[in-house]
Amino acid sequence: MRNPCVAHRGWSGQAPENTLAAIQLAMKEPHLFWIEIDVQLSKDNVPVVIHDYTLSRTTNGRGEVRVHTAQEMQQLDAGSWFDESFKGEPVPTLEQVLALTCGRCRLNIELKTDGRYAGLADKVLELVYKYGLQHDTVLTSFHPPSLREVRERSAEVSIGLIIDGWRESLIQELKAMKGDFLSLGYPHATPKRLKALKDAGIKTMLWTLNDTRTIKKYAALDPDVMICTNYPDRWREAVLPSKK
């Protein structure tokens with residue numbers, strides 16, 4: 001299938017981001033085989049699925065993620081901010097997400113860190129291997145040292161840099177860390193850059209494209225480029241041939 005869809009934080013256009021509800025909704029889309037999530041560490045070193053370093057935007061909690069235990073975050077309401085129908089939706093652990101998606105959907109797991117989480121790579125890899133997903137997962141990050149940690153511990157798991165920009169050294173940087181994936185802010189994609197990445201054996205995902213016109217425009221640059229979106233239904237409309 002051309003231009004594989006990646007559901008950004010689950011189907012976050014229709015359910016609260018990074019929750020089991022958003023992930024379950026994405027898995028109902030028959031043509032969707034990838035979901036992107038963000039992972040941090042709780043106070044008790046449990047990988048939890050949440051984007052912001054603080055709790056206030058997407059939960060009824062306060063303070064930093066890292067000062068709360070996983071159990072404490074399971075008691076929070078991570079759904080009402082989006083819609084009252086999702087009241088009581090918890091902050092999930094990575095293990096809960098893996099148990100739900102294993103064998104059904106592949107994951108792009110962003111290691112959400114600026115260096116504040118010692119051991120994040122280890123804890124995530126431990127779970128990836130526990131569920132036998134080392135060939136069905138890509139670990140990505142804005143933080144190159146975290147990606148190098150992954151590679152030091154595993155030669156099997158795909159790793160990739162996230163960047164909202166471009167520099168001519170990107171391919172060399174990825175090769176140096178033995179990375180094979182680039183998560184690229186979509187305005188920086190050009191046919192020349194995408195071809196250079198493909199020729200180097202690097203898979204590219206563009207983020208975050210949320211209207212059909214933009215999806216169509218960037219999908220047309222390369223049939224293999226992955227499209228990360230909050231709205232998989234708009235991806236379907238833009239990319240899949242309509243049945244008549």
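Q: In this predicted model, which hand does the crossing of helix 1 and helix 3 have, left or right?
A: The model is a predicted one, and in it helix 1 and helix 3 cross in a right-handed manner.

Q: At what angle do these two helices pack, and how far apart are their axes?
A: Helix 1, residues 20–27, packs against helix 3, residues 94–101, at an angle of about 20 degrees. Their axes are 11 Å apart. Because angles under 35 degrees count as roughly parallel, helix 1 is roughly parallel to helix 3.

Q: Which residues meet there?
A: Helix 1 contributes Leu-20, Ile-23, Gln-24 and Met-27. From helix 3, they are met by Gln-96, Val-97, Leu-100 and Thr-101.

Q: And how do the residues of that contact divide into nonpolar, polar and charged?
A: Five are nonpolar and three are polar, while no charged residue takes part in the contact of helix 1 with helix 3.

Q: Turning to helix 9, which of its residues are buried?
A: In helix 9, residues 232–239, the buried residues are Pro-232, Trp-235, Ala-238 and Val-239. Viewed down the helix axis, they fall within an arc of 120 degrees, so they line one face of helix 9.

Q: What covers them?
A: The cover includes strand 1 (5–8), helix 8 (212–219) and strand 9 (226–229).

Q: Now Arg-153: where is it placed, and what is its relative accessible area?
A: Arg-153 lies in helix 5, residues 144–153. Its relative accessible area is 42%, so Arg-153 is partly exposed.

Q: Which residues is Arg-153 in contact with, leaving aside neighbours within four places in sequence?
A: With those neighbours set aside, Arg-153 is in contact with Asp-122 and Leu-125. Asp-122 is 31 residues from Arg-153 in sequence, and their C-alpha atoms are 7.8 Å apart.

Definitions and conventions. Residues numbered from 1 in each chain as written. Predicted model: local features only at pLDDT ≥ 70, side-chain atom pairs only at ≥ 80, totals over all residues. Heavy atoms only, no water. Axes fitted to C-alpha atoms, helices over the stretch in contact; angles between N-to-C directions. Helix = DSSP H or I, 4+ residues; strand = E, 2+ residues; numbered from the N terminus. Parallel < 35°, antiparallel > 145°, perpendicular 65-115°, else oblique. Left-handed = near helix turned anticlockwise from the far one by under 90°. Contact = heavy atoms within 4.5 Å. Nonpolar A, V, L, I, M, F, W, Y, C, P; charged D, E, K, R; others polar. Buried < 20%, exposed > 50% of the residue type's maximum accessible area, 1.4 Å probe, protein only. Arc of directions from axis to C-beta.
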